Amino acid sequence: MAVVPYPNPLACAQPVEPAPRIAAASPPQDAVLAATVTRWLREQGVDVGGWPQLQRLAGGMSHLTYRLRYDTHDLVLRRPLQALGGLQRMRREFLLQTALAAHYPVPAMLRLCADPAVAGAPFYLMAHVPGLVPRRRSFADTALSADQARQACTNFLDTLIQLHRIDPRALGLSDTVLAPPSAHHLRKLLTHWLGRHARLKTWHTPDLRAMGQWLIDRAPARQPACLLHNDWRLDNLVFDRDCPSRIRAVLDWEFAGLGDPLMDLGIVLSYWIEPGDHPLMRRYQWQPSHLPGMPSRDELVERYFTATGCSDRDWTYCQVFGWFRYLLALQELHLRHALQGGEEKAFFTGVWALIHYLHWKCRALMRRG
């Protein structure tokens, strides 16, 4: 497997009224943001030299991400959409990636800022990792051969397996950053997700309570303590521009935690789209997994189990878990963008139909399980 580490110098029921809009903490205008962040960095003793070129980066539905190119530094700023509760999440991501740097390809962390006045919310700064970030229907601006696409996916899966093999104890992080897994913790998480579902539910979308309760009732007693990314997609990776199959860095650690590695694999499948999939799935794909040479879902699963030797005892459960998490995310995006007029309104307007379709598929999987 070709993985290039990045050096670190220092994640239809009854209709109800839509959930109320949560006001986001608006970031300052670009010029003001560049000035306030630059002043803050200098106060922190970081000599960035001059003023940056600031660019809002595409992608990411729950965070705002900016690139700041200085004379001496090329940085990325990451902050949540809402300031409320943002510091805890930013600190967790920052500490986790800092600890991972000696073991895994992550961007180099620079500074964490707790003051929401600087950028509209707490944020952290990290080194920009140059390379290719795949988008919904293309591998950035690069045309891959079928062999390159297959090798990229081989590395995609092998890098996930590499993450699952890291001993979390070697990271030296507290339980507030990586909470120990347990059946109780999993049921508590699922109960929280059902509460989210109740707040987000509209007449457009199906009732997911039976699906959530199915997961709560069947939470496995045995909970492995593997490190999970919990949002493993091609567009959360940076690939090398000169050798597009090579992975330079793994991004977006906001959902990372400890648990059964098959949950990560279940999440991988929830995003993976094949050429023969239903048009609704292809309409709302997140990554270019349909390109010639990309493996099928069955091939990914077979490779993972062969490489790891994992038991498939809880595999059906982990697949349903992955779909449930994905359906909740789609429900939230439908509300935020299609109903509340977000930036991606045109894209998400009809996503309620996909939610119904995937819910139907999940119910069939639950019956077999």
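User: In this model, is His73 buried, partly exposed or exposed?
Analyst: The model is a predicted one. The relative accessible area of His73 is 25%. Buried means under 20% and exposed means over 50%, so His73, at 25%, is partly exposed.

User: Where in the chain is His73 placed, and which residues is His73 in contact with, leaving aside its neighbours within four places in sequence?
Analyst: His73 belongs to the loop between β2 and β3. Once neighbours within four places in sequence are left aside, the contacts of His73 are Val46, Asp47, Val48 and Leu68.

User: How many Å apart in space are His73 and Thr205, C-alpha to C-alpha?
Analyst: In sequence, 132 residues separate His73 from Thr205. From C-alpha to C-alpha, their separation in space is 46 Å.

User: What span does helix α1 reach from its first C-alpha to its last?
Analyst: Helix α1 covers residues 30-43, which makes 14 residues. At 1.5 Å a residue the expected span is 20 Å. The span in the model is close to that value, at 20 Å.

User: Which elements do the buried residues of α1 pack against?
Analyst: The buried residues of this helix are Leu33, Ala34, Ala35, Thr36, Val37, Thr38, Trp40 and Leu41. They pack against β1 (53-56), β2 (63-69), β3 (74-80), β4 (109-113), α3 (116-119) and β5 (123-127).

User: Which residue with a positive phi follows α1?
Analyst: The phi of this residue is near 85°. The residue that follows α1 is Gly45.

User: Which helices are included in what covers the buried residues of α6?
Analyst: Helix α6 runs over residues 209-217, and its buried residues are Met211, Gly212, Trp214, Leu215 and Ile216. What covers them includes α5 (183-200), α10 and α12.

User: Why does Pro206 count as buried?
Analyst: Pro206 is in the loop between α5 and α6. Its C-alpha is 9.5 Å from that of Ala353, which is 147 residues away in sequence. Buried means under 20% relative accessible area, and Pro206 counts as buried because its value is 2%.

User: What is the relative accessibility of Tyr271?
Analyst: Tyr271 is part of helix α7 (residues 261-271). Leaving aside neighbours within four places in sequence, its contacts include Asp231, Trp232, Arg233 and Trp286. Tyr271 counts as buried, with a relative accessibility of 5%.

User: Which helix gives the most residues to the lining of the second largest pocket?
Analyst: This pocket has a volume of about 340 Å³, and 15 residues line it. At least two residues of the lining come from each of α9 (297-308), α10 and α12 (351-368). With five residues, the helix that gives the most is α12.

User: Which lining residues lie nearest the centre of the second largest pocket?
Analyst: By class, the lining has eight nonpolar, two polar and five charged residues. Nearest the centre lie Arg297, Gln319, Trp323, Lys361 and Arg368.

User: Is Ala140 buried, partly exposed or exposed?
Analyst: Ala140 is in the loop between β5 and α4 (146-164). Its phi is positive, about 55°, although Ala140 is not a glycine. At 26% relative accessibility, Ala140 counts as partly exposed.

User: Is Asn230 buried or exposed?
Analyst: Asn230 lies in the loop between β6 (226-228) and β7 (237-239). Asn230 is not a glycine, yet its phi is positive, about 70°. Its relative accessibility is 13%, so Asn230 counts as buried.

Definitions and conventions: Residues are numbered from 1 along each chain as its sequence is written. This is a predicted model: local features need pLDDT of at least 70, side-chain atom pairs count only at pLDDT 80 or more; totals for chains, interfaces and linings use all residues. Side-chain values use heavy atoms; hydrogens and water are left out. Helices (H or I, at least four residues) and strands (E, at least two) are DSSP runs, numbered from the N terminus. The expected span of a helix is 1.5 Å times one less than its number of residues. Buried means under 20% relative accessible area, exposed over 50%, partly exposed in between (1.4 Å probe, protein chains only). Contact means heavy atoms within 4.5 Å. On a 1 Å grid over the protein atoms alone, a cavity is a set of points where a 1.4 Å probe fits but cannot get out, and a pocket is an open set with protein on both sides within 12 Å along at least five of seven lines; lining residues have an atom within 4 Å of a point. Grid points are joined across faces, edges and corners, and a volume is the space filled by probe spheres set on the points. Ala, Val, Leu, Ile, Met, Phe, Trp, Tyr, Cys and Pro count as nonpolar, Asp, Glu, Lys and Arg as charged, and the others, Gly among them, as polar.
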